[in-house]
Each structure stands twice: as C-alpha cells, then as structure tokens.
Amino acid sequence: MPIPVLMPALSPTMTEGKLANWLKKEGDRVRSGDALAEIETDKATMEVEAVDAGVLSKILVPSGTDGVAVNTPIALILGEDEDSDAQAKAPAEPAAAKPAPVAAKASEPAAAAPAKTNGGPAPATGTVITVREALRDAIAEEMRRDENVFLMGEEVGEYQGAYKISQGLLQEFGAKRVVDTPITEQGFAGLCVGAAFAGLRPIVEFMTFNFAMQAIDQIINSAAKTHYMAGGQLTCPIVFRGPNGPAARVAAQHSQDFASWYAHCPGLKVVAPYSAADAKGLLKAAIRDPNPIIFLEHEILYGQTFDAPEGPDFLLPIGKAKIERTGKDVTLVAYSRMVHLSLQAAEVLAKEGIEAEVINLRSLRPLDVPTIVESVKKTNRIVAVEECWPVAGIGSEIAAQMMEHAFDYLDAPVGRVSQADVPLPYAANLERLSIPQVENIVAAAKSVLYR
Amino acid sequence: MTAAPRARGTTELRAVPTSRGQARSKPNTRGDASADADQIVGFYRDMLAIRRFEEKAGQLYGMGLIAGFCHLYIGQEAVVVGLQATANKQDSVITTYRDHGHMLACGMDAKGVMAELTGRRDGYSRGKGGSMHMFSREKNFYGGHGIVGASVPLGTGLAFAHKYKGDGGVCYCYFGDGAANQGQVFESFNMAALWKLPVIFVIENNKYGMGTSINRASATTDFYRRGEVHGIPGLRVNGMNVLEVKEAGEKAVANCRTGKGPYLLEMVTYRYRGHSMSDPAKYRSKEEVSKIREESDPIDGLRKYILDSGLADDAELKEIDRQVKVQITEAAEFAQQSPEPDQTELYTDVLVSV
Ligand SMILES: Cc1ncc(C[n+]2csc(CCOP(=O)(O)OP(=O)(O)O)c2C)c(N)n1
Ligand SMILES: [Mg+2]
C-alpha cells in the first residue's frame with residue numbers, strides 16, 4: 001500500500017497553506033528526512049520532509065496550489081519493500097488519515113465590523129492591514145521620525161522577528177538601530193532602561209511576555225520607579241512590547257496574560273491593543289510617550305485584518321477606551337483578543353434580543369473608568385472579560401471601580417470571565433476549558449441579566 | 001577503519017577534540033572508549049530509537065495530532081545517549097524543552113512520552129504538560145523546562161540535594177549554547193563551584209539558538225571555558241561521536257563523584273531540523289545541513305564503525321532497525337488511542353492537598 005503524504009500543519013495556528021513547489025518528482029527515490037516540497041504559510045515558507053523512505057510514486061497536488069487544507073493527501077510514497085507493480089493497483093484515492101482530535105486551532109473569523117469610535121479620531125482614509133503590519137508600520141514611522149528610537153530584542157533583526165513583526169526593519173534602519181540580542185532578557189531590558197535614562201528611546205521586544213518575567217525586576221524597579229525616586233530628574237521613555245496571553249497549545253510556561261501584573265504598578269502605563277488601528281495608533285503614542293510603557297500584543301491577533309488609517313500622524317490617546325459596539329442591556333468590557341470574543345458574544349446575545357455594549361479598554365493603566373461608568377449608567381449590568389487569572393485580575397479591579405463609582409447604577413453584581421484559576425494545560429480539551437470562550441461570555445452576560 | 005566515527009561537518013566539528021590539559025589526539029578506538037560490543041550496539045539502538053521517535057513526532061505534528069511547540073532532537077542523539085551511559089540509578093537529569101531524547105535515554109517509556117505529545121491521559125504529565133514539560137520521579141528525570149536558562153539553577157539545586165542527602169548522586173544538567181548566555185547560568189556556575197556541588201553542566205552546542213548563530217550571540221564561543229573563572233574544569237567534546245561523548249562523561253562524573261565539584265562539558269553537535277516545527281530555518285543554508293548529515297551523522301557513523309569493526313553484521317543491525325520501527329509505531333498508535341484527560345483534571349494538581 002502506498003503511504004499518503006499529508007499536507008502538514010507547520011505552526012500552532014496553521015489550517016491551510018500553499019503548496020509552492022515540489023522539490024522531488026514522481027519516480028524519485030526519497031530517504032526519510034529528505035525535503036519533498038515547499039509550503040507557504042502566512043508567516044514563512046517551509047519544507048515538508050519525507051517521513052518514510054521509498055519512491056515518490058504520485059504527486060496528488062501540483063506545485064502552485066493555493067489553500068490546501070492541513071491533512072489533505074498531497075502525494076503517495078511507495079514503501080521500500082514494495083514492488084512498483086503494487087503502485088499500479090493502488091487505489092487512486094488514498095485512505096484519508098485519521099482526523100485530528102478536537103481542533104487545536106481556535107477558529108478566528110474575520111473581525112467584526114468596526115463601530116463608531118469615541119476614543120480617538122475616526123479613521124479617515126483607511127486601508128485593510130493586519131495587526132502585524134500595523135505594528136511594523138508604527139515602529140518604522142517612529143524610527144523615521146526620531147533617530148533616538150531603536151529596536152532591540154531576540155531575533156528582531158536578521159530573523160525578521162520571531163513573529164515577523166520587525167520584517168524589513170533591519171534592511172531599512174541597519175544593525176545600529178535594529179539590534180539582535182543574546183538570550184539575556186534581564187540584561188538587555190536593563191541595558192535599554194539605562195539607555196533611556198541617557199535620552200534614547202528604546203523599543204524592547206520580548207519574544208513573548210512570558211520571557212519578560214526574567215526582566216521584570218528591571219521593568220519595575222528600574223524603569224517604573226526611577227522618575228519618582230529621582231524627584232523627577234530622570235525619565236525613562238521606553239516601550240516594552242511583545243505578544244502576551246495564551247497562543248495555541250503552548251502550555252503553562254508560554255501562555256499567560258500579564259496585564260494585571262503590570263497594571264498593578266505605578267510608574268508604568270499599560271496598553272493592550274485589539275485591532276490594527278489600535279495597534280498602530282497606540283504603539284506610535286507609546287513610542288512618543290515620555291514614560292515606560294508596557295505594550296501587550298496577542299499572537300492570535302497578529303494575522304487578523306482590520307481597517308486602519310494611513311499616514312504617520314495617526315495617534316490614539318493612551319488611557320481612553322473605545323466603544324466597539326453600542327447596546328443598552330449589558331456592558332462587556334474587554335481588552336486585546338477578548339474584545340474579539342466579546343463582539344462575537346454580542347452577536348449571539350443579539351439573536352436572543354439582548355443588546356450588549358462592548359468596550360475595548362485599550363489601556364489598562366490608566367483605566368478609562370469614566371467611559372465604563374457612563375456605559376453602566378445606561379445598561380446597569382457589566383461583565384469584565386480577560387485572559388488573566390481571576391484572583392486580583394483586571395476584572396477584580398473593574399469590580400472595585402464599579403463599587404466605588406457606579407454602585408447606585410448596578411442592578412446585578414459585576415460578572416467576571418477569566419482564564420481558569422490553573423496553570424494553562426496542554427491537552428486540547430482542558431485548554432479549551434481553561435481559556436475564555438464565547439459561550440462563557442454569553443453565559444456571564446445572561447447571568448447578570450438573571451436570564 | 002579502526003577509528004570511531006568522527007564528526008567533520010564544520011571547522012569546529014573537525015577541530016575537535018580540543019579538550020584542555022590532556023592529549024586526546026589519538027583516534028578513538030573501541031578499547032579506549034572502553035565500551036563493549038553489546039554496549040556499542042546498544043548505543044546504536046538507543047540513538048536510532050530517538051531519531052525514529054522524533055521523525056514520528058514530526059509526522060504527527062504535521063497531522064495536527066501534536067500541537068503547540070515541538071522541538072526535535074534529530075542530529076544530537078549521541079550527546080544524551082553517550083552521557084547517560086555513564087549515569088547511575090541515583091543520578092538525576094534535567095534539561096530544556098528539547099527533551100524527548102533525554103527522556104528516552106533516561107529509560108522513560110516511548111509510549112508515555114508520545115502520549116504526552118498528543119496531550120492524552122496516558123502521557124507522563126497526564127496530558128497537562130505537553131512536549132516541553134514531562135517528568136519522571138521514578139527515573140529521576142526532572143523536566144522538560146520552557147524558559148531558556150531557568151533549568152540550570154534547578155539542576156544545580158538537584159546537585160545541592162544530592163550532596164545534602166549524601167546519596168552519591170550526580171546531576172546531569174543539559175542546556176543549549178543560547179541558554180549559556182543567561183545570567184542565572186553564570187550565577188549557578190559560581191554557586192556550584194563555591195559549594196563543590198556534584199553537577200555536570202552539559203552545554204549542547206548545536207551552533208544556533210533559534211535563528212542566531214553562536215557567533216552572533218556570544219562574545220566568545222569557547223563554551224567549555226565558561227566555568228574557568230570559577231575554577232570549573234571544562235572539555236570540548238565531539239558530540240557527534242557517542243564513544244567520545246561517553247569517555248568525556250566518565251571523566252566528568254568521576255570528578256563529581258569524588259567530591260571535587262562541578263564539571264562542564266561542551267558537546268559540539270548540530271540540529272538538523274528547524275528550532276521548532278514552525279521555524280523556516282532561513283538563517284542557514286541547505287548545504288550546511290546536508291553536509292553535516294552526510295559527513296557527520298552520529299548514527300550513520302556508528303553504524304559504519306560497528307560494521308567495520310565487526311561488532312555486529314548488517315543483518316543484525318537491520319533487525320534492530322526493524323524492532324525500533326515497531327516500537328515507535330506502537331508508541332504512536334498508543335498515543336493516538338489514549339483518551340484525552342478527564343475534564344475533572346483541569347483543577348487537580350494545582351496544589352498538594354493537605
Ligand atoms: C527566557 C526565554 N527567552 C526566550 C525564549 C524563546 N526561546 C526558546 S528556545 C530559544 C533558543 C535557545 O537556544 P539554545 O539554548 O541554543 O537551545 P537549542 O534550542 O539550540 O537546543 C529561544 C530564544 C525562551 N523560551 N525563554
Ligand atoms: Mg543551540
């Protein structure tokens with residue numbers, strides 16, 4: 001029996017790819033480990049390697065085919081000990097491989113249509129770009145504008161960014177301003193804080209915020225506190241940025257939302273964009289801000305496309321939330337990827353006649369309490385959604401703020417949706433149970449409506 | 001051919017061994033590596049099992065049965081097989097996320113490892129840890145750690161416990177060339193030397209930390225000298241030759257067992273695959289990879305050595321190949337059939353209940 005070669009998944013988030021090019025032709029003998037074909041994904045071009053030795057007997061998907069779903073048979077290999085007669089008798093359609101268990105890849109349909117803005121200028125002339133491109137453009141524009149701005153981090157230069165945010169920047173700005181580091185987070189974070197004291201404007205990329213834990217002493221003790229300790233003499237204009245929160249199936253040490261950790265600390269501003277416009281306008285504002293900024297991105301949002309304004313002058317104010325969708329029955333407050341899920345939850349609720357208002361916080365410190373209070377005055381019910389753990393999370397803070405500022409308007413206790421109170425498990429079913437899902441938000445909204 | 005296979009892939013590989021303070025110019029022979037025929041053939045089997053396991057894991061990843069990060073050890077098999085051959089039962093082992101080979105070399109069951117990769121209940125962490133996080137108290141294997149550098153103080157702590165308890169054990173602490181630059185590694189070296197802790201620091205120098213070559217990440221790339229300022233002896237070893245690895249391991253472990261404190265081994269090796277499954281590996285040429293595979297492969301080299309020196313014949317090796325294939329196929333089947341963990345597992349094991 002010939003062995004089918006299946007379209008491989010090459011990253012935690014890939015569902016389909018382009019079969020760019022066959023590197024072997026029918027009849028070629030292959031050893032295990034030989035490169036068979038090149039596959040293109042949104043992030044990269046990769047090779048498919050043969051797992052079994054034998055002869056490449058048939059190519060089922062020709063070079064240049066787009067949109068080949070993961071697990072589609074793309075070729076047949078005739079095992080080493082089989083004679084080629086068997087090939088002729090082989091069924092044209094190979095037995096389909098066992099389907100993968102519970103989908104690992106969170107389905108992320110295109111983002112909901114943008115609603116009216118209240119947290120900044122409305123996009124004038126827009127283009128459709130990914131969050132990844134928005135971040136890259138923001139960095140590039142600010143580096144063009146101010147020669148004291150530089151980017152430092154692991155794999156930001158020659159590799160073009162571990163998540164391809166810094167694509168092209170080394171080529172445009174050179175190695176002086178796009179600096180690849182050794183794996184020494186505490187060292188280079190501290191180094192950049194020192195450089196900021198001396199008047200430079202570093203952008204520190206953490207490959208993910210999980211690794212910023214190595215550097216958190218420098219972020220809090222050196223970056224956040226110095227302006228105060230120096231009686232205002234020293235400033236630290238620096239941006240610490242990178243993906244935050246769980247990606248897909250990368251387990252406990254690589255899946256954590258640090259929003260509440262940083263939001264806890266005076267001397268920092270903490271920003272968490274959702275859309276491409278957020279990413280661009282807020283990152284540019286962060287780079288220009290004279291304070292240390294924690295800029296929390298989300299890997300799963302990087303490839304999503306949104307309308308975003310063009311031009312180097314588009315800035316969004318740090319500290320202002322945005323109402324993504326208006327509604328009168330219940331307020332959903334979220335940030336980063338949870339805005340996307342909240343918008344989906346609002347769609348579901350709408351079908352049941354519940355009009356949810358969705359607030360994209362954008363900034364967690366300062367927190368735009370007035371915007372939330374205004375919304376609660378109208379809806380009288382609120383659910384906070386986050387990927388942090390529940391204890392002392394962002395939702396806890398929002399609950400406290402509502403007690404202090406909106407107590408008389410609440411018709412139900414503040415609802416919270418968060419990551420389960422456990423280190424994130426790897427198993428697909430447990431992971432799904434632990435990360436907030438649309439249905440959890442819907443249920444929480446109904447619960448504060450006593451429905 | 002009497003010489004054991006020698007790695008020749010790059011200038012650095014060719015230049016080994018350059019261990020300090022002792023003559024090692026003589027080619028390695030069966031005698032001087034003091035491994036008997038059965039043991040050498042066993043090395044072949046163990047390295048092959050790791051290779052086949054990793055190839056299978058790569059395949060299951062492609063099918064969506066394994067997800068997240070998955071770092072393969074293909075190319076580096078001789079390091080862990082040669083070193084673990086020098087370990088005793090009471091010794092402990094700790095490593096990074098590139099851990100599948102280490103677990104197999106510690107005698108952990110391929111089925112349990114593969115079932116953890118698929119996130120199922122028969123996995124070593126009952127599906128909760130995945131590729132990067134597996135442990136076995138029974139085999140003294142302490143993980144499986146995802147934060148680069150963090151496992152090095154942990155290994156130093158395991159050695160502290162060996163000394164504290166007086167159990168005669170040594171910790172084998174494996175990490176990468178990239179990890180070697182983390183501050184906590186340097187801190188660990190100092191404490192280990194200061195307190196004469198029985199730990200072998202094994203730097204697996206596979207030339208890259210993700211997409212960054214050692215020359216772009218390290219001001220000096222003589223990793224075996226990284227403990228010098230603390231007085232830790234170090235050796236650079238051809239990590240593509242299991243017999244040379246074993247010989248170096250014996251020297252290191254003797255040092256640790258006799259109370260002289262830590263030892264540092266730089267294993268010069270190479271990873272054939274990308275850093276993880278989603279690494280397009282554009283930072284090195286295909287020629288670089290295929291040259292090393294063709295000229296320095298640790299398994300091909302040992303196979304040739306075994307045949308040339310008559311330790312086994314082709315039929316015997318073919319039989320081993322077959323057995324390994326069966327073993328790995330069974331592990332993969334087991335890993336697909338094992339059910340997902342029970343939902344109640346979500347909230348277990350967070351704290352030890354008292
Ligand atoms: C503290 C920290 N920083 C960054 C990473 C991301 N990362 C994972 S592996 C790796 C490269 C490590 O290279 P090396 O130590 O040489 O080990 P190898 O992967 O070559 O085995 C990086 C940067 C991480 N896991 N932890
Ligand atoms: Mg390395």
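Visitor: Which residues in helix 2 of chain A meet helix 9 of chain A?

Guide: This is a predicted model: local features need pLDDT of at least 70, side-chain atom pairs count only at pLDDT 80 or more, and totals for chains, interfaces and linings use all residues. Residues are numbered from 1 along each chain as its sequence is written, chains are lettered from A and ligands numbered from 1 in the order written, and side-chain values use heavy atoms, without hydrogens or water. Helices (DSSP runs of H or I, at least four residues) and strands (runs of E, at least two) are numbered from the N terminus. Contact means heavy atoms within 4.5 Å. From helix 2 of chain A come A:Val131, A:Ala134, A:Leu135, A:Asp137, A:Ala138, A:Ile139, A:Glu141, A:Glu142 and A:Arg145. They meet A:Ala276, A:Ala279, A:Lys280, A:Leu283, A:Lys284, A:Ile287 and A:Arg288 in helix 9 of chain A. The contact of these two helices holds nine nonpolar residues, no polar ones and seven charged. Nonpolar covers Ala, Val, Leu, Ile, Met, Phe, Trp, Tyr, Cys and Pro; charged covers Asp, Glu, Lys and Arg; the others, Gly among them, are polar.

Visitor: At what angle do the axes of helix 2 and helix 9 of chain A cross?

Guide: Two packed helices are described by the angle and the distance between their axes. Here helix 2 (residues 131-145) and helix 9 (residues 276-288) of chain A cross at roughly 25 degrees, their axes coming within 8 Å. They are therefore roughly parallel. Angles under 35 degrees count as roughly parallel, over 145 as roughly antiparallel, 65 to 115 as roughly perpendicular, the rest as oblique.

Visitor: Where does A:Ile359 lie, and what does it touch?

Guide: A:Ile359 lies in strand 19 (residues 356-360) of chain A. A:Ile359 is buried, at a relative accessible area of 0%. Not counting residues up to four places away, A:Ile359 touches residues including A:Ile323, A:Leu332, A:Val333 and A:Ile372.

Visitor: How many helices and strands has chain A?

Guide: Chain A has 14 helices and 22 strands. Of its 451 residues, 59% are buried.

Visitor: At what angle do the axes of helix 3 and helix 13 of chain B cross?

Guide: Helix 3 (residues 37-62) and helix 13 (residues 314-337) of chain B cross at roughly 40 degrees, with axes that come within 9 Å. That makes helix 3 of chain B oblique to helix 13 of chain B. Among the residues making the contact are B:Val41, B:Leu48 and B:Phe53 of helix 3, and B:Leu317, B:Ile320 and B:Val324 of helix 13 of chain B. The residues of this contact of helix 3 with helix 13 of chain B divide into 11 nonpolar, three polar and four charged.

Visitor: What covers the buried residues of helix 6 of chain B?

Guide: The cover includes helix 3, helix 5 (100-105) and helix 13 of chain B. Helix 6 (residues 110-117) of chain B has seven of its eight residues buried. Those buried include B:Val113, B:Met114 and B:Leu117. Just after helix 6 of chain B, B:Gly119 takes a positive phi of about 75 degrees.

Methods:
Axes fitted to C-alpha atoms, helices over the stretch in contact; angles between N-to-C directions. Buried < 20%, exposed > 50% of the residue type's maximum accessible area, 1.4 Å probe, protein only.
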